Every structure is written in structure tokens, then in C-alpha cells.
Amino acid sequence: MNVARVSIQTADFDLSQEVAALRAGDKRVGAVCSFVGTVRDRNDGSSVASMELEHYPGMTEKAVEAMIDEAHRRFDILGARVVHRVGLLQPLDQIMMVAVVSAHRGQSFEACEFLMDYLKTQAPFWKKEQTPEGARWVDARVADDAALERWGISAPNA
């Protein structure tokens with residue numbers, strides 16, 4: 001079964017189903033690493049009632065595909081899948097997931113972390129939080145830039 005590498009969607013996802021599809025029938029897979037991001041009820045000292053994520057269809061998928069291509073160049077992985085939700089989300093909702101399969105755990109861990117660092121800073125998503133003070137757009141953090149720099153990528157967002 002050939003699984004799409006990128007899905008941008010409003011619907012929730014099931015991590016176990018996503019991982020099962022990614023590794024289905026591939027006897028080379030000895031390691032699976034995954035990360036799931038969820039909506040928190042607080043950010044930057046304020047409570048968060050909801051978060052709305054926007055993107056440019058087509059452009060976003062292309063950018064995330066390029067990130068996965070780069071992960072394949074850097075790490076000995078067998079496959080990767082990114083699912084990212086858009087639309088209105090509430091605290092506790094799943095926002096996104098990254099799953100990576102490889103023969104050995106080290107490559108899966110590194111590729112998963114690389115993809116997360118890259119997604120956090122370079123993927124064309126815009127997040128707006130609803131707080132008691134009103135709506136606010138969420139900017140990339142300097143710490144996210146520092147995480148990306150350890151991979152030899154400089155992309156200042158501050």
C-alpha cells in the first residue's frame with residue numbers, strides 16, 4: 001500500500017492507523033518514531049480558548065514534501081508521514097503528527113526531530129489563538145530558530 005507522505009486536513013487522525021499504514025508489509029522496518037502535537041490551554045501566559053490554523057493549499061503540501069525529501073537525504077529512513085490539521089481546534093485536540101520508519105531507531109528519532117524542527121519554523125501555517133485579551137497571531141519563537149540551526153539551517157523568524 002502506497003501511503004501519501006503529507007495530508008493537510010480538518011479531520012482528526014488516528015496515530016495507530018497512520019503508523020500501521022506507513023509500515024505495512026515492509027519487513028525492513030525495525031523502528032518507528034512518532035510525534036503528536038496537541039492544542040494547549042495556555043500560551044505565553046494567557047489562557048487559550050481555541051486555535052485556528054490557516055494555510056495556502058498546494059503551497060503547504062509542496063513545502064512539507066520538500067522537508068520530507070530533505071529528511072530522506074540526511075537520514076537513512078524508509079518512509080515518513082506528516083498529517084497537519086487546519087481550521088478551528090480546541091485545547092486537547094491533536095494538531096499534527098510526524099511518523100518516521102527506518103531499520104534502526106537512531107535514524108527514526110533524528111529524522112522525526114528534524115522534521116518537527118523544520119515544520120515548526122518553515123512550514124507555511126498561520127496560527128491564531130483566541131485568548132481573554134482577544135485574538136492574536138502566534139509568531140515563531142527564537143528557540144525554534146535555534147533548534148533548526150543545529151541541523152545547519154539558518155532561517156531567522158524573530
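Mentor: What follows is a conversation about terms and the values behind them. This is a predicted model, in which local features need pLDDT of at least 70 and side-chain atom pairs count only at pLDDT 80 or more, while totals for chains, interfaces and linings use all residues. Residues are numbered from 1 along each chain as its sequence is written, and side-chain values use heavy atoms, with hydrogens and water left out.

Trainee: Why is Arg85 called buried?

Mentor: Buried means under 20% relative accessible area, exposed means over 50%, and partly exposed lies in between, with a 1.4 Å probe and protein chains only. Arg85 has 9% relative accessibility, so Arg85 counts as buried.

Trainee: Which words describe the exposure of Asp26 and of Arg28?

Mentor: Asp26 has 22% relative accessibility and counts as partly exposed, whereas Arg28, at 53%, counts as exposed. These two residues also form a salt bridge, with their closest N and O atoms 2.7 Å apart.

Trainee: How far apart along helix α2 are Glu70 and Arg74?

Mentor: They are four residues apart, which means a separation of about one helical turn. Here, too, the closest N and O atoms of the salt bridge are 2.7 Å apart. Salt bridges that share partners also join Arg5, Glu65 and Asp69 into one network, and a search of the whole structure finds eight salt bridges.

Trainee: How do you know that β6 and β8 pair?

Mentor: Helices (H or I, at least four residues) and strands (E, at least two) are DSSP runs, numbered from the N terminus, and two strands pair if DSSP finds at least two bridges between them. β6 and β8 have seven bridges in the antiparallel sense, so they meet the condition of at least two. Within this pairing, Ala80 stands opposite Val100 in β8. β1 and β6 also pair, in the parallel sense over four bridges, and Ile8 stands opposite His84 in β6.

Trainee: What makes β6 mostly covered?

Mentor: Eight of its nine residues are buried.

Trainee: What makes a set of residues a nonpolar core?

Mentor: A nonpolar core is a set of buried Ala, Val, Leu, Ile, Met, Phe, Trp, Tyr and Cys residues joined through side-chain atoms within 4.5 Å. The largest one has 31 residues, among which Val98, Val100, Phe114, Leu115 and Leu119 touch the most other members. Its largest share, seven residues, comes from α3. Counting heavy atoms within 4.5 Å as contact, and leaving out residues up to four places away in sequence, Leu115 touches Met67, Ile68, Ala71, Ala80, Val98 and Val100. A second, separate core of eight residues includes Val19, Leu22, Met97 and Ala99.

Trainee: Is Trp126 called buried, partly exposed or exposed?

Mentor: Its relative accessible area is 35%, so Trp126 is partly exposed, and this residue is found in strand β9 (residues 125-131).

Conventions
A salt bridge is a side-chain nitrogen of Lys or Arg within 4 Å of a carboxyl oxygen of Asp or Glu.
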